[in-house]
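Please read it alongside the sequence and the structure.

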Amino acid sequence: MNPHKITRPKLPAGYADNPASFVDWKWVAAQLTDSKNYWLCSVRPPSSDAQGGRPHVVPRWGAFLEDKFYYDGSPETRHARNIEHNPHVSLHLESGSQVIIMEGTSQPAGKPSPEFAKRLAEAIAGKYGDQGYSPQPDQWDEGGLYVFTPRTCIAWTTFYENPTKFVF
């Protein structure tokens with residue numbers, strides 16, 4: 001997926017008044033592909049004991065393939081229950097200086113094709129196998145696989161030089 005629009009994020013005066021360049025989407029995609037830790041922020045629905053709209057942030061392992069982020073987990077987790085009620089989430093990487101912040105939707109991915117499941121399992125095992133996680137391609141046949149689809153991305157490598165907004 002290539003962004004259909006590249007622009008500047010809307011920033012208050014004095015934040016980055018004269019940016020000199022833009023971040024290249026290829027750099028962003030490489031960071032998303034190579035990263036091991038991703039942060040997913042979802043929103044809690046209202047419940048009998050608490051008001052809805054409270055954020056929930058959780059680190060996720062996963063793989064960025066075909067311009068989407070795939071991750072797995074139990075449907076009983078807090079973030080899975082949140083996206084069941086509100087699929088709008090944010091996803092970002094760990095760095096506070098070379099930044100990638102994405103907004104989009106997350107939902108159950110359904111059963112992947114055997115070919116895609118194999119690619120996904122290999123990508124995840126390549127990143128996390130040394131930490132004891134090497135999923136099998138048929139692991140998601142009955143569910144538990146989620147996909148984040150970006151709508152926008154804000155990125156920079158030097159904030160005042162190249163804040164960039166990608167729209168998909």
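## Salt bridges

R119 is partly exposed, with a relative accessible area of 39%; here buried means under 20% relative accessible area, exposed over 50%, and partly exposed in between, with a 1.4 Å probe and protein chains only. The model is a predicted one, in which local features need pLDDT of at least 70 and side-chain atom pairs count only at pLDDT 80 or more, while totals for chains, interfaces and linings use all residues. Residues are numbered from 1 along each chain as its sequence is written, and side-chain values use heavy atoms, with hydrogens and water left out.

The side chain of R119 forms a salt bridge with that of E66, at 2.8 Å from N to O. The term denotes a side-chain nitrogen of Lys or Arg within 4 Å of a carboxyl oxygen of Asp or Glu. E66 is in the loop between strand 4 (63-65) and strand 5 (68-72), whereas R119 belongs to helix 3 (residues 114-128), so the pair ties together parts that are 53 residues apart in sequence. Helices (H or I, at least four residues) and strands (E, at least two) are DSSP runs, numbered from the N terminus. E66 is exposed, its relative accessible area being 51%.

The model has three salt bridges by this rule. One of them joins the side chains of R151 and E103, at 3.1 Å from N to O. R151 lies in strand 8 (residues 145-156) and E103 in strand 7, so this pair links parts that are 48 residues apart in sequence. R151 is partly exposed at 40% relative accessible area, and E103 is partly exposed at 36%. Another salt bridge joins K118 and E122, at 3.9 Å from N to O. Both residues lie in helix 3, four residues apart, which is about one turn of the helix. K118 is partly exposed, with a relative accessible area of 48%.

## Cysteines

How many disulfides are there? The count is zero, where a disulfide is a pair of cysteine sulfur atoms within 2.5 Å. C41 is in no disulfide, and the nearest cysteine sulfur, that of C153, is 16 Å away. For C153, the closest cysteine sulfur is the one in C41, and a separation of 16 Å is too far for a bond. C41 is partly exposed, at 24% relative accessibility, whereas C153 is buried, at 1%.

The largest nonpolar core holds 37 residues, of which W25, V28, L120 and C153 touch the most other members. Such a core is a set of buried Ala, Val, Leu, Ile, Met, Phe, Trp, Tyr and Cys residues joined through side-chain atoms within 4.5 Å. Leaving aside neighbours within four places in sequence, V28 is in contact (heavy atoms within 4.5 Å) with V23, I100, C153, A155 and F166.

M102 lies in strand 7 (residues 99-108) and is buried, with a relative accessible area of 0%. Not counting residues up to four places away in sequence, M102 touches residues including W25, L32, V89, F148, C153 and F168. The C-alpha atoms of M102 and L40 are separated by 9.6 Å, although these residues are 62 residues apart along the chain.

## A buried serine

S35 is in the loop between helix 1 (25-34) and strand 2 (38-43). Is S35 buried or exposed? S35 is buried, with a relative accessible area of 16%. Apart from neighbours within four places in sequence, S35 is in contact with L93, K127 and Y128.
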